[in-house]
Amino acid sequence: MLDIKFIRENLEVVKLAAQKKHMEVDLDRLVVLDDKRRALMSALEEKRAAQNKASSSIASATDDEKRQEMIAQMQGLKKEIQDIEDELKPVMDEWKTIMLQVPQVPDMTVPDGASDEDNVEVKTWGEKPQFSFDAKDHIEIMIALKMVDFERGVKVHGFRGYYLIGDGARLSWAIWNYANQFFGNKGFDPMLVPAIVRKSNLYGTGHLPNEAEDIYKTQDDDYLIGTAEVSTMGYYADEILEKSQLPIKHLSFSPCYRREAGSHGKDTKGLIRVHEFYKLEQVVLCEASHEESVKFHEWINRNTEEFIESLGIPYRTVLNCGGDLGQGQVKKYDIELWVPLEGTYREISSASYFHDFQTRRFNTRYRDTDGTLRYAHSLNCTAIPTPRILVSLVENFQQEDGSIRIPEVLRPYMMGKEAITA
RNA sequence: GGAGAGAUGGCUGAGUGGUUGAAGGCAGCGGUCUUGAAAACCGCCGUACGUUUACGCGUACCGAGGGUUCGAAUCCCUCUCUCUCCGCCA
């Protein structure tokens, strides 16, 4: 949510923002509605002031006859107020609908482009493995090592179903435990968050109204989260924080649900695109300052890079183009891991900041040193998603004998084992 | 699923039609006292929008929406949420 005052004063900027993000929103209509809204409101306030004034003189009137006369005179004013209210209502309804669609303004450094194909590579790290043998993809490797069971997954869940079994499950636990340690050392407080949430939380993060197709919903009109960011931000809804509490840094764990309704044809095999997965997410709330947001944005992205580096998986970082940004995002980096058998990089992390877009919707404020209330700034970045991380991990570290070399940092969490073998 | 109670400011808690934007208490801020601190005492202390050079003024807000009324925190309706007890269940 942007401030209507900001939109009015920076109309061209916001129009360009929508254009850059390839989003449709009728800002001219919004301004027309806002003009009406303001005019009606001020007319209404004037009438109400008159009404309040008259009411208090009725209250203090002692002469009963005079009192009845005054009450009779108020009838006309009452009707006028009612008329203005009736006129205002539809204006407000439409105004609110459009306001929910207005995108956050992307940063100057965000490149133009329509989709992830236009994202700009800003960094590459690691040596891509050169296999002297007939390397296999993660599906073949993991099935052979009894780490995953797709057949039963589909039997039980249906399309895109999977079970992680044996060392596949162990490896997932190892990654979670290692990540908890790694990010804990950086000052993150762990949180296990609700995966079923009220609708308002998804409006808060900006996933609704625009991404409704991708979100599961219950018969009670609750929603399944696609990321722990939703519940973690909701935790602070309608709260007034002390400045001394900031920055707040959470490492939130949750199952994540994505319908991916429009993507039946893409990545139908393997663990890349699944309906249900697990994720550790970094969520940060900081002071309302662009510099602070930028500082923490770089930091949380770097945290995940360091985590991947510690595992030794080759990756690259891209700066997302305008068309690949969510409605509320100012700027976003994706970290993509090398997938040898596909010969391409695959996204495993997104780091974004929102300024006060989300906190306005959640009404999350803090008391500044001068006593004024400000909307905090919010940011989030994937710490690690499982099982998607396994795709790169097993493909990059596969050995000629069909085993997988376990990265050293994970070995303490895998009972000291150096490799996963048949 | 059944029965009942409730939703008021940062917190607690009064308030059932007319200076109630809302008593009292706590917390916070300023001051007196004190070498300093504590205690005690005095004072200040909601948010948003509009308007004004400014002091200020206006409007709205007591879970949400609608209604009754000249006038609603207070009466009526609908919804949402919370709590307690019973049932079911990990």
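**Entry 1: domains**

I started with the division of chain A: domain 1 covers 4–99 and domain 2 covers 116–420. The bounds come from an automatic or database domain assignment. This is a predicted model, where local features need pLDDT of at least 70, side-chain atom pairs count only at pLDDT 80 or more, and totals for chains, interfaces and linings use all residues. Residues are numbered from 1 along each chain as its sequence is written, while chains are lettered from A and ligands numbered from 1 in the order in which they are written.

I looked up how the domains sit. Their centres, taken over C-alpha atoms, are 44 Å apart. Four residues of domain 1 contact four residues of domain 2; contact requires C-beta atoms, placed from the backbone, to lie within 7 Å. On the domain 1 side of this contact I found one nonpolar, one polar and two charged residues. Here Ala, Val, Leu, Ile, Met, Phe, Trp, Tyr, Cys and Pro count as nonpolar, Asp, Glu, Lys and Arg as charged, and the others, Gly among them, as polar.

**Entry 2: whole chain**

The C-alpha trace of chain A spans about 105 × 45 × 45 Å along its principal axes. I noted twelve helices and 17 strands. Helices (H or I, at least four residues) and strands (E, at least two) are DSSP runs, numbered from the N terminus. Chain A has 422 residues, and 36% of them count as buried. Buried means 20 or more other C-beta atoms within 10 Å of the residue's own, exposed means 12 or fewer, and partly exposed lies in between, with C-beta atoms placed from the backbone. Of the contacts between residues at least 6 apart in sequence, 72% join residues at least 24 apart.

**Entry 3: RNA strand B**

Helix 3 gives the most, with ten residues. The surface divides into eight nonpolar, five polar and four charged residues.

Strand 15 (residues 377–386) is mostly covered, with ten of its ten residues buried. I then checked its partners. Strands pair if DSSP finds at least two bridges between them. Strand 9 (residues 276–286) pairs with strand 15 in the antiparallel sense over nine bridges, and Leu285 stands opposite Ser378. Strand 12 (residues 344–353) is also antiparallel to strand 15, over three bridges. There Ser352 stands opposite Asn380.

Why is helix 12 (residues 388–396) largely enclosed by the rest of the structure? Nine of its nine residues are buried. Among them are Arg388 and Glu395.

I traced an open sheet of three strands, order 7-13-14, with mixed pairing. Strand 7 (240–242) and strand 14 (373–375) are the edges, each pairing on one side only. The twist averages 40° from one strand to the next; axes are lines fitted to C-alpha atoms, for helices over the stretch in contact, and angles run from 0 to 180 degrees between N-to-C directions. Strand 7 and strand 13 (residues 365–367) run parallel, joined by three bridges. Glu242 stands opposite Arg367 in strand 13.

From Glu242 I went to Thr218, 24 residues away along the chain, and their C-alpha atoms are separated by 36 Å. Thr218 is found in the loop between helix 8 (199–205) and strand 6 (223–224). Is Thr218 buried or exposed? Thr218 is exposed, because 9 other C-beta atoms lie within 10 Å.

Terms used
Two residues are in contact if their C-beta atoms, placed from the backbone, lie within 7 Å.
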